[in-house]
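Visitor: I would like to go through this model with you, asking at each step what a term rests on.
Guide: Gladly; let us look at the sequence and structure together.

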Amino acid sequence: MKKIIAGLLAVMMMATAFAGCGGQTSTGEGSSNGSSGEGSSTDTSLFGEEDNISLKVWGPDASINLLKKQCDAFVALYPEKKISIEVVAQGESDAATQLLNDASTAADVFGLPSDQINKLVNAKVIQEVAFADEVKANNDTNVVEAATIDDKIYAYPETADNGYYLVYDNSVVKSGDEAKLETILEDCKAAGKKFIMDAGNGFYSCMFVFTGGLKTDGLEEDGLTQKFTDYNEDDVVATMQAFSKLFHDYSSTFQSLEVSNIASGFSSGTCGAGIDGTWDVVANQTALGDKYGAAKLPTINVNGEDKQIVSMFGYKYVGVNAAAKFPRAAQILANYLTSEDCQLERAQELGWGPSNKAAAQSDFVKNNVTISAILAQAENSVAQADLADQFWDPMGNLGNQLIAEKTDPTNTDAMKQLLNETLTNIKDV
Amino acid sequence: MKYIDYKQLNPFQKFAYNFTEFFKKLPGRVAAFFKAIGRFFVKLFTGIGKGVANYVTRFIKGDFAVKLSYLIFGFGNFAKGQIIKGLLFLATEVAYIYFMITFGWPNLSKFNTLGTVETQLVDDGPFKKTVFGDNSMLILLYSVVTIAVTFVVLFIYITNTKSAYKLQQLKSEGKHIMTFKEETKDFLDGKFHVTMLSLPVTLIAIFTIMPLIFMILIAFTNYNKSHMPPGTLFTWVGFENFSQLVNVTTGGKRGVTFIELTQWTIIWAIFATFTNYILGMIVALMINKKGIKLKSLWRTLFVITIAVPQFVSLLLMNQMLQVNGAINILLSDITGQEVAIQFLNTNALMARITVIIINCWVGIPYTILSASGILMNIPADLYESARIDGAGPVKQFTKITLPYMLFVTAPSLITQFVGNINNFNVIYLLTGGGPSTERFYQAGYTDILVTWLFKLTMNQQDYDLAAAIGILVFIVCATLSLITFNMSKSMKDEEAFS
Amino acid sequence: MIKSYKARRIISNTIIYIVLAVLGIIWVSPLVYLVLHSFRAEGLATVPYLIPHSYSFDNYINLFVNTGTLNFPRWYLNTFVVACCACVISTLSVLMVSYAFSRLRFKSRKKFINVGMILGMFPGFMTMIAIYYLLKAMNLSQTLVALVICYSAGAGLGFQISKGFFDTIPRALDEAATVDGATRNQIFWKIILPMSKPIVVYTVLTSFIGPWTDFILCKLIMGDNRDNYTVAIGLQLMVSNEFKVNYFKQFMAGSVLVAVPITVLFLMMQKYYVEGVTAGGVKG
């Protein structure tokens, strides 16, 4: 039954794809074959001449088994073609580096996070998405936007969840308290437990300025210099001070540690709450069991006003290697792997938040506390795309300075200086 | 001091004399080192000149067979009956011509531009297909290979002409011409060095020298993340990468990073070398002191840490030094209140001190190992005469043990210093270069030049900049080492037994 | 006078014993920590106390049983094979080069020595990319053969210490043998090598340990081919962000399994190692 649905879905997608592409390319066998192939559940004309296809697919270890299953389903869709797919475990964060080192031994279809797209496009080793209109129609606009450079989409959206969220022990943080950073810290302190986040890492510490209204806004034309949105310096500085003051007031509760310590802390009973990445969801759930609580990031009180914490938020994609030997098959497979069905399967089995609009509206996703928390945080976030290489270190340093013992949170001038130095250094290529 | 005066000194004075002389001569030796470099180039050019002259003379004096061997490899050998040797020469020529036609020339001809054909996107129905153009990196690499092969063949070619001419001489003098079998046998005796060196030297030439030349050339190109083969081309840019590093005004952040990291690298190398050396020696002295029992047990306690791979012990140390790590837990247990010291992550000075201290843990066992051996070798008569002069244990240490150790280990001290400049593991595994700072380009406060180089290559694909840094690091290390190497006794004494 | 001297000696020795004991504890404690926690049954990556509360062999068993994408036994075998092959080639290279440089006299010997020294001073990472593509051109990328080549190709450059050792063997021996009609080949195998046990052991030991500890070059060469990983990058993978939470205990267990054989080997050979490093080091 499932297979039939999948097959039907694939057909529908391809039909949409052709509707879009037919207009762009007036000639070419693709469009003419497309119309004749419409309606058959195993439309192989898209593959063109390609046969005896062998593809290599990279996915992170956690998803390997599911990925294999999905690839098998894909092969079964096209019984007329001889397709063999090799699924290899390869962490998404390393994918771009490996691809840049040697594209010819890299996978044809690979998972990657949003911040690597720019690099790969510059090096011309990632292939433009073939089913652009379909991708645009079915996925969250922000996600598509983050993979778009010069009006061209370069990767198929896979998830809209590559960010961080608040995870807590619900026996420590009382119901309702998870909404405010102040109450979370108070609860943790009362229980003698830690609140952990990695304040020295730019990925997390950028929330200290984002919350104050300073956000990134793509790159200058040179492709290297970071642009920022307009912001009110006093607001940003006040927010930084608020964070710094909280961390100093709760210095024995607040710990700046690598995020893997959060799950460890839950399991050993030393951690009450933390800001953790979505990749640790399973570890946190296992460590906390029934006490698992997840929510979007809390608010922080800045001069009497509760401000929602704004975070950095990335997405995951499936990209196609420009050096792929079977470019058509690779595109079709990438498109298949990011379809609504596949995304929903991943949400169910792995807890990954879908980027597909229909999948995101499904009952399962709506009822899943973690995925809803993550998707809710996505509303209050800055996309992790088009960031300068120089973004991370200065931001990490800013975080380190805010929590440093010698820093005086009440010293507005020093904070202002820190902010301006950070921004100057991010822009200085 | 004349030889006879020297001979009359007691061993203690002799030693003191040698010791002071050693350091007195230092500046002279530094100067000599640079003179030697100059001499090297003079020699090189005169050598080439001589070679060319000989090459021409041989041709003029040679008979028909010799002359033909200038065109056809091995002809001289054929003419004089050395068939197998001649065939080997000929085979080289044929192979080289084939190599140049199929592989060498196609790459070498693009060497000056490093490729011009751009990567293109081609429409393929509703799809796009990438058609890759020239790959600058492979063109450069294969050109280096081609040049290297050409040099080897050139060497064989000269050998071939020499061999042909020598055979002509032997024949005219009526002497015995060696058969192939006899020549092969000679490789086990007269030419044994060729047998011994050929395999290692070949391996080194292929996997060290060629890649090195390639990377040195990369320093003069713009091979970085904006110019990445196979998608995009890169090309020659001259000294641009170097000027970015050494010129603070135009280099911007890269220049600042380079200068500050160089300073820290040197500070690090000095501290890492001397803390290890002095502390290690003290421990070694304690272990080797007369009357201390269980010497091998004590030594084993330290030495056992050498056997644990550094990526294990240092990653573990990193874990232990975190805010919630073992060290802070231990301190909390001892003091009874919560201690949360940020050893590595926030404070630059703290992190740097921590790195140096942890390096002691890594390095001291090595010093103990080598110092124990040396301590046992100090001539007993030195102590004897010192005792007669009324020197106490402290004086004996400062006047004999320490200078002796310094004297004997001075060369290895410099080797260690150079080693510490390139000490990747300790920094990379322990701090990863952190704490991060906004002031440096892709580096943190504890990064030394090699870890920066590594980060630029592996994370940033800034191969051009990394290669330039590598060359500068090399220049520093090479100067230091060659000075000491030429100074060290071993170079002068190695003939002592002959 | 004598008594006070004796008393002073006892006091100073006691102080030395105390200092040595304290230092010994400092040096060994991280290793003890490693071993203890590799048996830890409870908790994930970190725990807020020094001594584990419960012990089990699970971490070790998991290394060998859960071999899905992290196949530790396979990596262990790879490393062992690579280490053995690289060790043989490296040892031969080093001994051959240092013998030639030390005992044989030929034209441009000193030039070779100087070039050898210079080459050793370039930072190794510079050449990694080039080596990778050379191996690829030879059709060897992602294979264990490539690793063996990488680990042993440059070995000849590490000739200094063993050259220093060979320099200490009197040349009269060679001369006597030559008079007796021995070729240099025979001298090398029958006279010099048997006398050089410490330096041979030293070279074997250092070149055997190399492949167990490299986590950089191997990663580049193997890329995504996890079947051909060595333990070093395998263990490195276990502490990457993706795995750390769940695999840190296994990382410690795996580390112990790597460290134990090397340590045993090292302690057994310690005597030769010391002799080799002192004899060669002082001279070279």
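Visitor: Which residues have the most contacts inside the largest nonpolar core?
Guide: They are Phe195(A) and Trp452(B), in a core of 324 residues; a nonpolar core is a set of buried Ala, Val, Leu, Ile, Met, Phe, Trp, Tyr and Cys residues joined through side-chain atoms within 4.5 Å. A second, separate core of 17 residues includes Tyr277(B), Ile374(B), Ala391(B) and Ile400(B). This is a predicted model, in which local features need pLDDT of at least 70 and side-chain atom pairs count only at pLDDT 80 or more, while totals for chains, interfaces and linings use all residues. Residues are numbered from 1 along each chain as its sequence is written, chains are lettered from A and ligands numbered from 1 in the order in which they are written, and side-chain values use heavy atoms, with hydrogens and water left out.

Visitor: Why does Glu92(A) count as buried?
Guide: Its relative accessibility is 10%, and buried means under 20% relative accessible area, exposed over 50% and partly exposed in between (1.4 Å probe, protein chains only), so Glu92(A) is classed as buried. Glu92(A) belongs to helix α4 (residues 92-101) of chain A, helices (H or I, at least four residues) and strands (E, at least two) being DSSP runs numbered from the N terminus.

Visitor: What makes the side chains of Glu92(A) and Lys316(A) a polar contact?
Guide: They are 3.4 Å apart, whereas the definition asks for a pair of N or O atoms within 3.5 Å, of which, within protein, one must be able to donate a hydrogen and the other to accept it, and residues adjacent in sequence count only if both atoms are side-chain atoms.

Visitor: Which strands form the open sheet of chain A, and in what order?
Guide: The order is β12-β9-β13-β8-β14, with mixed pairing, where two strands pair if DSSP finds at least two bridges between them. Strands β9 (residues 194-197) and β13 (residues 271-277) of chain A meet this with three bridges, in the parallel sense, and Phe195(A) stands opposite Ala273(A) in β13(A).

Visitor: Why are α3(C) and α12(C) called roughly antiparallel?
Guide: Their axes, lines fitted to C-alpha atoms over the stretch in contact, with angles running from 0 to 180 degrees between N-to-C directions, come within 8 Å and cross at roughly 150°. Angles under 35 degrees count as roughly parallel, over 145 as roughly antiparallel, 65 to 115 as roughly perpendicular and the rest as oblique, and α3(C) and α12(C) are therefore roughly antiparallel.
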